[in-house]
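Reader: I would like to learn how to read a few features from a model. Please give the general idea, then the case at hand.

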Amino acid sequence: MTEFTIVDENPWKKSLVLSLVILVIGILLAVGGQGSLKIVLMISGVLMLLASILMLLGSASTASPVGIIICAIGIILGIALIAAPNFFSDVMMIVLAVVVIMMGLGMLLGGTAMGGGPMMIIGMVIAVIMIAAGVLALLNPKETADVIMIIIGVMLIISGALGVYRALEARN
């Protein structure tokens, strides 16, 4: 029996492309705020719809009932993302607000367990700010959406830029 091993001679290229995509999405979110989130949701819906249809067509004769159900869910979710980006944008803002509150609570509880010192105080202040921002976003998701999207966009820009740098370093 013969074994074949596929070796990717340029793994940095995949990393570079992914990092550039993250960078572009970050720029879109930072510049466009909540409006860009709706565009990203619609694009995601189109991609999910196409992928689900192609997967269903590609395995129509051999598909299991579970595979067909997964494809059907993908098609329905893709259509929903395209048709109602406002709804999904609002839902995402609420989920994001809850996540920010939970992260702040985790930092607050973790900071009190760590002891004292100036770094603990800074961590506690950041935790309280995160909790306050999460509660504010939860109470006013439409009014705070732009600020949260800008923050997420900047974080993605930094992550994408670092990824591009790492990919180019790996190339050399």
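Author: Start with the nonpolar core, which is a set of buried Ala, Val, Leu, Ile, Met, Phe, Trp, Tyr and Cys residues joined through side-chain atoms within 4.5 Å. Buried means under 20% relative accessible area, exposed over 50% and partly exposed in between, with a 1.4 Å probe and protein chains only. This is a predicted model, in which local features need pLDDT of at least 70, side-chain atom pairs count only at pLDDT 80 or more, and totals for chains, interfaces and linings use all residues. Residues are numbered from 1 along each chain as its sequence is written, and side-chain values use heavy atoms, with hydrogens and water left out.

Reader: Which residues form the largest nonpolar core?

Author: Eleven residues do: Leu29, Leu37, Leu41, Leu81, Phe88, Met93, Ala97, Ala137, Ala145, Ile148 and Met149. At least two residues of this core come from each of α2 (34–58), α4 (85–114) and α6. Buried residues make up 26% of the chain's 172 residues.

Reader: How many helices and strands does the chain have?

Author: Helices (H or I, at least four residues) and strands (E, at least two) are DSSP runs, numbered from the N terminus. The chain has six helices and zero strands.

Reader: What is the span of helix α6?

Author: The expected span of a helix is 1.5 Å times one less than its number of residues. Helix α6 covers residues 141–171, 31 residues in total, and reaches 43 Å from its first C-alpha to its last, close to the expected 45 Å.

Reader: Where does α6 bend?

Author: A bend at a residue is the angle between axes fitted to the seven residues ending there and the seven starting there. In α6 the bend is about 25°, at Val147.

Reader: Which residues of α6 are buried?

Author: An α-helix has 3.6 residues a turn, so residues three or four places apart point the same way. The buried residues of α6 include Thr144, Ala145, Ile148, Met149, Gly160, Gly163, Val164 and Ala167. Ala145 counts as buried because its relative accessibility is 0%.

Reader: What is Ala145 in contact with, leaving aside its neighbours within four places in sequence?

Author: Contact means heavy atoms within 4.5 Å. On that basis Ala145 is in contact with Gln34 and Met93. Ala145 and Met93 are 52 residues apart along the chain, with 6.6 Å between their C-alpha atoms. Ile148 touches Met93, Leu96 and Ala137, not counting residues up to four places away in sequence.

Reader: Is Met92 buried, exposed or partly exposed?

Author: Met92, found in helix α4, is partly exposed because its relative accessible area is 40%. Leaving aside neighbours within four places in sequence, Met92 is in contact with Leu37 and Leu41.

Reader: How is an aromatic pair described?

Author: A pair of aromatic rings is described by the distance of the centres and the angle of the planes. Rings of Phe, Tyr and Trp (its six-membered ring) pair if their centres lie within 6.5 Å; planes under 30 degrees apart count as stacked, over 60 as edge-to-face and the rest as tilted. The structure holds one aromatic pair. Phe87 and Phe88 form this edge-to-face pair, at 5.2 Å centre to centre and 80° between the planes. Phe87 counts as exposed because its relative accessibility is 51%.
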